[in-house]
Amino acid sequence: MIKNDLFLRALQGETVDRPPVWMMRQAGRYLPEFMELKKKYDFFTRCQTPELASEITVQPIRRYGMDAAILFSDILVIPQAMDIEVEMKPNFGPYLPKPVRSQKDVEKVIVPDVEDALGYVMEAIHVTKEKLNNEVPLIGFAGSPWTILCYCVEGQGSKSFDKARGFCFTQPEAAHELLQKITDTTVAYLKAKVRAGVNAVQIFDSWGGMLSPKDYLEFSWPYIQQIVDALKDIAPVIVFGKGCWFALKEMAQSGASAVGVDWTCSAQNARYLTGGNITLQGNFDPARLLSPPAEIRKMVTQMISEFGKDRYIVNLGHGILPNIPVENAKAFIDAVKEYKE
């Protein structure tokens, strides 16, 4: 039994004394202890070495005592497993030297045996569970198929993903075939993670907001729905789309246990658009963690008051930034732990 099950109770919609708190990307780049490991090991070495991945996962729990840990990994381990080369270039980000841009390219993409291709992730889960010693739940995650397609086609990060969108609009059959292959791989991957011991999973649709509401319902949402359908009976699923306020209704009706909200959508609008009956997660602006700690505390308390303490998980509206002072992250966590109605 998990000693602190506040996060899991909030996902089930139970009444709680205070909402649980964790931060997207909490395992990693803003922590001095992470920077020490970063000096010694390159990015994918850190992802692919179970001992390193587990150590990075538990670092923030040791330091701040969040109510959930999230496994250190990357959404791009999926295309790697699908035989698409992915590099992580310093001061540049992800780089895919052979982007997928034609029907022929799509045909070369494989749906792998995830236990084989991504066994190191499952091993990292086992090692992490030992280190956590049932103190808090562990979250596993994956990128949405659309978000993964964006990188596979664009070949790198982008502000607009024009090539990825162009591929979908000029070669829709090839795009849907690629999206389905990514979906099948992701379903198998998340199921394997649950078998390995994660207590909940989150789907990150980081680039969903690049699509119009109509195109979102063609190229992103149906594939996320497939993942939710496949996972919801074996683990709680959180769906998070950045810039996807227009899809909050679909997300709320999907069978997911919770819906993540970014900082551009108010608590009032999020509750209204989701029908008011589902657990919400978010929506603190990550850049606001640069505010003075006293101000952060006030803003967090106000945020909880606006969302309400029940059916709510305190989190950021996207991943924590690398330049956040550790005392500011602490102020964010402490404000939640000290919350009183």
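**Pocket, cavity and helix packing**

Mentor: Let us begin with the lining of the largest pocket, to which α2 (32-40), α3 (43-48), β2 (87-89) and β3 (93-95) each supply at least two residues. The model is a predicted one.

Trainee: Which residues of the lining lie nearest the centre of the largest pocket?

Mentor: Arg25, Arg29, Phe43, Asp74 and Met88 do, out of 38 lining residues. The volume of this pocket is about 1300 Å³. By class, its lining has 21 nonpolar, nine polar and eight charged residues.

Trainee: What makes a space a cavity and what makes it a pocket?

Mentor: A cavity is a set of points where a 1.4 Å probe fits but cannot get out, whereas a pocket is an open set. The structure holds one cavity of 30 Å³ or more, and about 50 Å³ of space lies in the largest cavity.

Trainee: Which residues line the largest cavity?

Mentor: The lining consists of Gly241, Gly243, Cys244, Trp245, Leu248, Met251, Gly260, Val261, Asp262 and Cys265. Both α14 (248-252) and β7 (258-261) supply at least two residues of this lining.

Trainee: Why does the lining of the largest cavity divide into six nonpolar, three polar and one charged residues?

Mentor: Cys, Trp, Leu, Met and Val count as nonpolar, Asp counts as charged, and Gly is among the polar residues. The lining includes Gly241, Gly243 and Gly260, as well as Asp262; therefore three residues are polar and one is charged, with six nonpolar.

Trainee: Why are helix α8 (residues 119-132) and helix α11 (residues 172-196) called roughly parallel?

Mentor: Their axes cross at roughly 25 degrees and come within 9 Å. Angles under 35 degrees count as roughly parallel, and α8 and α11 are therefore roughly parallel to each other. Their crossing is right-handed.

Trainee: Which residues of α8 and α11 meet?

Mentor: Val121, Met122, Ile125 and His126 in α8 meet Tyr189, Ala192, Lys193 and Ala196 in α11. By class, this contact has six nonpolar, one polar and one charged residues.

Trainee: At what angle do the axes of helix α9 (residues 145-154) and α11 cross?

Mentor: They cross at roughly 120 degrees and come within 9 Å. The crossing of α9 with α11 is right-handed. Pro145, Trp146, Ile148, Leu149 and Val153 in α9 meet Ala175, Leu178, Leu179, Ile182 and Thr183 in α11. The residues of this contact divide into nine nonpolar, one polar and no charged.

Key. Residues are numbered from 1 along each chain as its sequence is written. This is a predicted model: local features need pLDDT of at least 70, side-chain atom pairs count only at pLDDT 80 or more; totals for chains, interfaces and linings use all residues. Side-chain values use heavy atoms; hydrogens and water are left out. Axes are lines fitted to C-alpha atoms, for helices over the stretch in contact, and angles run from 0 to 180 degrees between N-to-C directions. Helices (H or I, at least four residues) and strands (E, at least two) are DSSP runs, numbered from the N terminus. Angles under 35 degrees count as roughly parallel, over 145 as roughly antiparallel, 65 to 115 as roughly perpendicular and the rest as oblique. A crossing is left-handed if the near helix is turned anticlockwise from the far one by less than a right angle, and right-handed if clockwise. Contact means heavy atoms within 4.5 Å. On a 1 Å grid over the protein atoms alone, a cavity is a set of points where a 1.4 Å probe fits but cannot get out, and a pocket is an open set with protein on both sides within 12 Å along at least five of seven lines; lining residues have an atom within 4 Å of a point. Grid points are joined across faces, edges and corners, and a volume is the space filled by probe spheres set on the points.
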